[in-house]
Structure formats: structure tokens, C-alpha cells
Amino acid sequence: TKKITDESIEFIKNQKDKNFFLHLNLNTPHTPYLPPKRIMDALEKESGNLRFKGLNEYTKKYLGEIRYADEELGRFFSVLKKNDLYDDSFIMVTSDHGEILSEFHDSANHPNGGIRFGHGESLFDEELNVPYLMKLPLEMQSRAKNKKIKSQVSLLSFAPTILSLAKIDSSKENWKGADYSNFIMNDSGLSTEEIIFSEGRLSESIRSEKFKYVRRYPGYYKNDSPMKKVSDKIEQLYDLVIDPEEKNNIASENPELLKIAR
């Protein structure tokens, strides 16, 4: 992470008099979780209560990695500011996935290879909810102000929205996502993504604001141990209104809703 940030800073210094695009791809937070000890000590000290101390070590280190990534991004942003580039820049922060951290979603409890936590094997909101932040150039901020899209938004909408905001014509592209630029700049034309499709390893899901349907397929899941076979198709259905933590699979008790989801 530090090396990638250092190289990105060097790139900025060499390109500061030109238009540029930089994809800064930090792998933190990600296994193996190895946050600096000073950060873990700081989190322990700053928590001020028993909440942090009561977390499992996996989650503690995950939070430490988030703090470390935040610190490195801050270091990068400070260089943008010192080179008078921050105000003129579009800055987008997002991620490809989240992480299973809850005990009740411990994947050892599911027939998907026995991996304790992690990502990619299931499609709970813990994995699907990611940071999705935009900072516009200063000249655009007075119109856009601070806005939050309250409905669900997919990563497919990232490209068409950014290109429109940057006034780059991409009308010939067949975007599957929504363009939110009019809403951001003019408070009009707010698109809604009623259904968001996601896919993992041999699994896929559709998510509305109220329900989520997950379908897994027979296949093999690689683990540190020999390959483990999943023999049956598994279906999951969650009521996100009354069960936002997705603890209760209601697929078997709601045949009509399951049929619609299928």
C-alpha cells in the first residue's frame, strides 16, 4: 500500500502541468491483515470503551487496515493540495467489495468451503455495501453542494455518471447503469435502480429495496484443504425491511415470492 501511494505521488509530481487520469488501486483492507502496530495501539487507546476490545481479532485488524488506508489516502491528498491540484480534481473513492465480519454470517456455517470469513462466496449486504464517494472540482461544487442518493446505487452507474460530469461524450456506449449527473448538478432526473444484480463465485443475486434473492450453483470451492464439493443448488430469500442483517432465509416459507424472484 505504501509503495503504491509513493508511486502515485511521484506520478502526480511528474504530471501536474497536464491533464491526467490516475487509478490508485490500494489493496488495503484485504487479507492478510497486517496493519501497523501503531495503528492498532491507537484504535485500542481511542476506543474509550469495551466495544473495540470485545471484537474478534479478525475484525480488529480489518478496522486497522481501514485506518491505514485512510491515512495513506490522506497523505496522497495532501500532495494534491501542495501542488494546487486538489481543487481542480475529480476524486472518486469506491471499492470492489466489502467483507463478511459478522459471526452469524461466518461462512463456516454455510456449505461453501468452510472459509471462516472473507468475501466472494456469498452475497450478503456486508459484501455488497461499499464506499461510493465523489468530490467534484471546486468550480462545480456550488451547484452540486453536498448530496446523498438515498436509494440503492450500483457500481455500474459509476462510469456513465463520471463521464457525464466530466463532459466526456459516451452516448454511444450501452451503459447498464444509471447516469446521476443531472441529479448531482441540477436536482433533476434522479434515476432509480429498482433491481441491482450482483455475482460472486458460482452465485448471483438480485436486490430490491425490500428483498434480496440469492441463488448458488453446484460447484467446487477452493480452500486450503482439498477441494470441497457443494452438491445442491442453494436458494436464499431475505426480507430486508424486517431482517436487514439477513439472518433469516425465508425461501422455503414464501413459495410465491420465491417464484417471482426466480
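**Close-up views of a predicted model**

**View 1. Pairing of Ile-196 with strand β4.** Ile-196 stands opposite Arg-207, a residue of β4. Strand β3 is joined to β4 (residues 203–207) by 5 bridges, and the two run antiparallel; strands count as paired if DSSP finds at least two bridges between them. Strands (E, at least two residues) and helices (H or I, at least four) are DSSP runs, numbered from the N terminus. The model is predicted: local features need pLDDT of at least 70 and side-chain atom pairs count only at pLDDT 80 or more, whereas totals for chains, interfaces and linings use all residues. Residues are numbered from 1 along each chain as its sequence is written, and side-chain values use heavy atoms, with hydrogens and water left out.

**View 2. The open sheet of 4 strands.** The strand order is β3-β4-β5-β8, with antiparallel pairing. The edges are formed by β3 (196–200) and β8 (234–239); each has a single partner strand, so one side of each is left without a neighbour in the sheet. On average, neighbouring strands of this sheet are turned by 15° against each other, direction ignored.

**View 3. Packing of helices α2 and α4.** Helix α2 (residues 37–47) packs on helix α4 (residues 57–82) at an angle of about 110°, their axes being 9 Å apart. Axes are lines fitted to C-alpha atoms, for helices over the stretch in contact, and angles run from 0 to 180 degrees between N-to-C directions. The helices α2 and α4 are therefore roughly perpendicular, a class covering 65 to 115 degrees (under 35 is roughly parallel, over 145 roughly antiparallel, and the rest oblique). On the α2 side the contact (heavy atoms within 4.5 Å) is made by Arg-38, Ile-39, Met-40, Ala-42, Leu-43, Glu-44 and Glu-46. Helix α4 contributes Lys-60, Lys-61, Leu-63, Gly-64, Arg-67, Tyr-68 and Glu-71. These residues divide into 6 nonpolar, 1 polar and 7 charged, where Ala, Val, Leu, Ile, Met, Phe, Trp, Tyr, Cys and Pro count as nonpolar, Asp, Glu, Lys and Arg as charged, and the others, Gly among them, as polar.

View 4. Lys-60 lies in helix α4 and is buried, with a relative accessible area of 8%. Buried means under 20% relative accessible area, exposed over 50%, and partly exposed in between (1.4 Å probe, protein chains only). Apart from neighbours within four places in sequence, Lys-60 is in contact with Met-40, Glu-44, Phe-52, Lys-53 and Leu-55. In the protein as a whole, buried residues make up 36% of the 262 residues.
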